[in-house]
Structures are given as C-alpha cells and as structure tokens.
Number of protein chains: 2
Amino acid sequence: MNEPRRTALIAIDWGTTSARAYRIDAAGEVLTARSAPLGIQAIRDGRFADALDALLGEWRADPAPRIACGMIGSRQGWIEAPYVDCPADLAGLGRTLARTPGGELAVVPGARCRDAAGVPDVLRGEETQLAGALLPEDERLLAVLPGTHCKWARVERGRLLEFATFMTGELFAVLLEHSILGRMSDRPAAPTAGEGPAFARGVSRGLAGDGVTHAIFGARTLALAGELAPADVGDWLSGVLIGHEIHAARAWAATRDHTTGPIRVIGGDAIVRRYVGALGQAGVAAERGAADAAARGMFRIAQRAGLIH
Amino acid sequence: MNEPRRTALIAIDWGTTSARAYRIDAAGEVLTARSAPLGIQAIRDGRFADALDALLGEWRADPAPRIACGMIGSRQGWIEAPYVDCPADLAGLGRTLARTPGGELAVVPGARCRDAAGVPDVLRGEETQLAGALLPEDERLLAVLPGTHCKWARVERGRLLEFATFMTGELFAVLLEHSILGRMSDRPAAPTAGEGPAFARGVSRGLAGDGVTHAIFGARTLALAGELAPADVGDWLSGVLIGHEIHAARAWAATRDHTTGPIRVIGGDAIVRRYVGALGQAGVAAERGAADAAARGMFRIAQRAGLIH
C-alpha cells in the first residue's frame, strides 16, 4: 500500500462568486480539490477567516503553506495585493506576494497595463492562470481567458507584455436579462451552446466586424421574423458577442504584429469549447490550455517565491 | 381679433413610454400640442380608447381626422399596421394606413429592410419623422434618429432605401444600471452631457473603431485609476457608445457609396446636441432636422392619403 502523498501547498482560486481550493504535492500534482460558493461577494463583515475555514474543512489542520489568487486580493477582498505593471514576469509574481493580516494566506498580485490610447486595464487571477498554462516551449503566446470579463493576453519569454479586457460575458448576461433582446428568448443560453447552428450563425455575424451594437439587434428582428427560435436567441447572441470579440482582439494583436502560432484558450470545458469552435470559424488555429491552470500557476509562483518547503 | 384657426388634423406620436398629440391647421402648422405618459406599455387590458380620450382632453369634440404613428401600430399596440418593405415611398406610406377597430385612428405602418447579411431590421415611428424632416431639395439624404434604438437611414428622392438600428440608448441604460460599469458612477448621465470634456473623451475612444466591448471597460478602469470622476462615468460611456455608432454607421454608409452631404440629426434638443457634437469630432458635417418632425410627417402622409378634408 502506498503512503498517502504529502501536501506541499494549498492553493486557492478565490473569485467574486466562488472559491476553489487545491491540495498539491511536491511534484506540482493536484491531489484533491474542494469548492464552495464563498466568493468575496458572499462574505459579510470581513469574515474571510471563517470562510477560509469553511472552504478548507478537514484540510484545516494541514500545515502546508497556503497561497491564493483572484479577487480575494482586490480592494473588496481580504487584503489588497497591489497590481504589478506590465511587462510582468509571470512566475516571478511571487516576489510581491501580499499577506493577510493574520498570516493565513499569501496572495498573488494582479496585473495592470495601458492600451494604445493610454486607458488602463487590469486583471486579477488571470495572471496566475497564464503562469500555469505556459509551456516550456512557449517563446511567444497569444492567449484568451474567457469569462465575465474576457482577457486576451500577449506573453513573451514568460513575461506578460500586455492584455485587453472584453466585457463579452457580462454583456451577454445583462442583454439577455435586462434588454429587449431577452424578451424574445424563452430560456438562457443552453449548456450545449457552441455546438448548435444558432451559435455558429451568431459567430459569423459577429466576425463580420464592426457595428456590434447594430449586429446584436438581430436577436430581436430574426426572432420577430420567425427566423430564430426563441430557444436559440441566447446561443445566437452569445455567438455574435464572441465573434465580435475574436474579430476585435485579432485586430488588436495584429497592430502588435502578434499573429503567429495557435491561440491558447484557457478556462472551463464548456466555454473553451465555444471559443475553440468560434476561432475555427474565423480560420484561426486554437488549442486548449491546461486544465486547473490556476492551481499550476500558484504552484509555480509559490515555488519561485520559496514558499514551498 | 383673429378667428382661431381651424384644426385640419389631429396627429399623435404614440410610443412605448409616452404619447404626444398635435393639433395642426390646413397649412400644416402645429397650433397646440399635448402629451401624457400614456405610452403603450402603460395601457392595461387594451383600454386604448380610454387612453386616447385622456390624451386628447378638450380636443375630444374636435371633428378633425386623426392619425397616429409609432408603437401604437405594433403587435403590442392598438392595431397592428404591417411593415412596408424598403425601398418605401415615405409620403406615400398613407396608402397603407391601418384603422383601429372603432375607426378612431388611422395608423401609419412601420418599415422593414434586410441588411447585407440578410438579417431583417425594423422601425416604427421613425419613417414618419423622416417624412417630416425631408426637404424639397433633398436628392439624397443620410439621417440619424437617436434614441433607445438609434436608426440610421438612407433616403433617395423621397424613398427610404434602407436603414440600420444601433442599440446605443438601450445599451447605455442597461450598462449603467445593471453592469459593473455603473458601480463606478454616482449619478446617471447629466442633462448637459455632450457639452463636457468627459463626453468628448468618450467619443474619441468610440470613434477609434472596433472593439467597443473592450472600449467600454474603460468606464471602470479609468474610474479605478482616478482618471475619470464618478460623476463623469455616464457622460464618458455615452460618448464611447455614440462614437462607436458613428464609426460603424459611417462604414455602413460607405459600403453603399453614401458619403456625400451633411448628416441630418432628427430628434429632441438634448440628444441632437450630443450627436451633432460627436459628428463634429468625427470631422463630419451635421445639421438639425426640423423640430416636431413626427407632426410634420403625419401631416404630409395624411395629405397624400386624402385624409385631410
């Protein structure tokens, strides 16, 4: 019988709506994971220590060092971990870890950059996923991290050069829930979205480029005309917004001469499938980033910081 | 003492949230106007006749013919006035007026077209404003009618060739009210918006073109960075969305070789000022359409329909 492997690190991906903890061994392998709906939005009166106890459960007694990334390090989180300016060495983010007041957690900083017009952009959590999804052979990488606020990132020799946020996920949600477009829909986008013809039709429309504030109105007019089923409105709209994002992000990368190599898509299964499909429609090679990229990233950052005994 | 001029037509611009009635003389001049918050959304159990009585008040006894335009002619209105397909003769829309069941009102139809991708687009009410804002010397006209759903329209020799809807107004409202962008704002866009530097900065960002779903995120990051005052978030965001609309609509018009002449902006004072300013920033000549364009349009349509005795 094998001896159970020892925990080298407890790593927590602690976001706005949920938290996920990983027990990781000295080889960087995830042994077990636990999650809870204890995102920072759910925590009242600053009771983060209690939330951490609840999240860790039986792991509470484990003496392994603990690290966290994500919104837990924001101004609304447990301790503010100030942004690191781009270009930023991803694995080296451990040089500026913040510490919660009672020493419970080391917290990875977010990153900040400015776009060509001088407007700032920020991310928090995605820097760690990028660190985890990097491969030894990556000289230059264009990656997308889909979500409420999708991030497109340019990485070169392990350094995050710059990134751009697209509000695709949040726009989709507010349009479907609060605008006239949702009135034609009889259900939210299906979990199988990205695999049906309505999504693909939407992507084509979004990829056509400029004028997304015109393009989305089709969710109403196609439905009124009987050319889009109420059940497909969500999938179609999701396709338009993702197609538009891909069009705009590729134009952004092109202005930086960053057009070589497949685009790495980093995130959960369902949304990654959607993006890989849409990128395929755009004629762009895409590949999946490592699953549990956040856990891998925290391990690398903790290692470099000398946090792992 | 002059004899009070006789009413030749009672014309009602009856929309989703409000209704406005005009008493017009035989020369087409508006004598008086009345309005009420009796848009079709406010009317329960199909009690349109009661709403009409309330709106008309003391005009109820006036025997002049009555015409209406706007959402009152939609499926959710009093009587559905089917869409006329583009190209559509604007003054000639009176050939297909609908009639309410009790004969209370003649109702102007909306218009329908398809864009280059074959996606349908619709408008209702704006066809009448266009008919009213046309000048005898207009050979060819590019017009914008700002609002919840902004319409850009191409008119040639009195015929509405095609149009495109941009959801600018509704997007602004849902983003400010329901998205993370609104959290940085401490008040809605001021009535003086379009006259301050925050609006102009937003317009510049929107005019830069593609990627509006990235550009709008600046409402959060600029505010976080202390580079946009909470009171200015709404004006800035309005500028970005209007700038983007102008960029996209001009590209749309250019694909039709429709780029000559000033753009006519048709609508209420405050929003027209905003668009004229933004068009100026884009280096495009703009001019104001007639005030009360809807009343003028209904007069012309009624005249052509032989409705005026």
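I started with A:P87, which sits in the loop between β5 (84-85) and β6 (88-89) of chain A. Helices here are DSSP runs of H or I with at least four residues, strands are runs of E with at least two, and both are numbered from the N terminus. A cis peptide bond links A:C86 to A:P87, with omega at about -5 degrees. I checked chain B as well: B:C86 and B:P87 are joined by a cis bond, omega about -5 degrees, and B:P87 is in the loop between β5 (84-85) and β6 (88-89) of chain B. Most peptide bonds are trans, and most residues other than glycine have a negative phi.

**What I am reading**

This is a predicted model, where local features need pLDDT of at least 70, side-chain atom pairs count only at pLDDT 80 or more, and totals for chains, interfaces and linings use all residues. Residues are numbered from 1 along each chain as its sequence is written, while chains are lettered from A and ligands numbered from 1 in the order in which they are written. Chain A averages a pLDDT of 94, and 96% of its residues score at least 70; pLDDT is the predictor's confidence in each residue, from 0 to 100. I also noted ipTM 0.93 and pTM 0.94 for the model.

**Positive phi**

Next I looked up two non-glycine residues with positive phi. A:D45 has a phi of about 55 degrees and lies in the loop between β3 (30-36) and α1 (48-56) of chain A. A:D45 counts as exposed, with 6 C-beta neighbours inside 10 Å. (Buried takes 20 or more other C-beta atoms within 10 Å of a residue's own, exposed 12 or fewer, partly exposed is in between; C-beta atoms are placed from the backbone.) A:R157, with phi about 45 degrees, lies in the loop between β12 (150-156) and β13 (159-166) of chain A. A:R157 is exposed too, with 11 other C-beta atoms within 10 Å.

**Helix α4 of chain B**

Eight of the eleven residues of α4(B) (residues 197-207) are buried, so the helix is largely enclosed by the rest of the structure. Among them are B:F199, B:R201 and B:R205. These buried residues pack against α5, α6, α7 and α8 (269-281) of chain B. After α4(B) comes B:G209, with a positive phi near 110 degrees.

**Where the chains meet**

How many residues does each chain bring to the contact? Chain B gives 39 and chain A gives 40, contact meaning C-beta atoms, placed from the backbone, within 7 Å. On the chain B side, α7(B) supplies the largest share, seven residues. By class I have 22 nonpolar, twelve polar and five charged residues there. (Nonpolar is Ala, Val, Leu, Ile, Met, Phe, Trp, Tyr, Cys and Pro; charged is Asp, Glu, Lys and Arg; the others, Gly among them, are polar.)

I then laid chain B on chain A: a turn of 180 degrees and a shift of 0.0 Å along the axis give an RMSD of 0.0 Å. That is the relation of a two-fold axis.

Notes
Contact = placed C-beta atoms within 7 Å. Least-squares fit on C-alpha atoms with pLDDT ≥ 70 in both.
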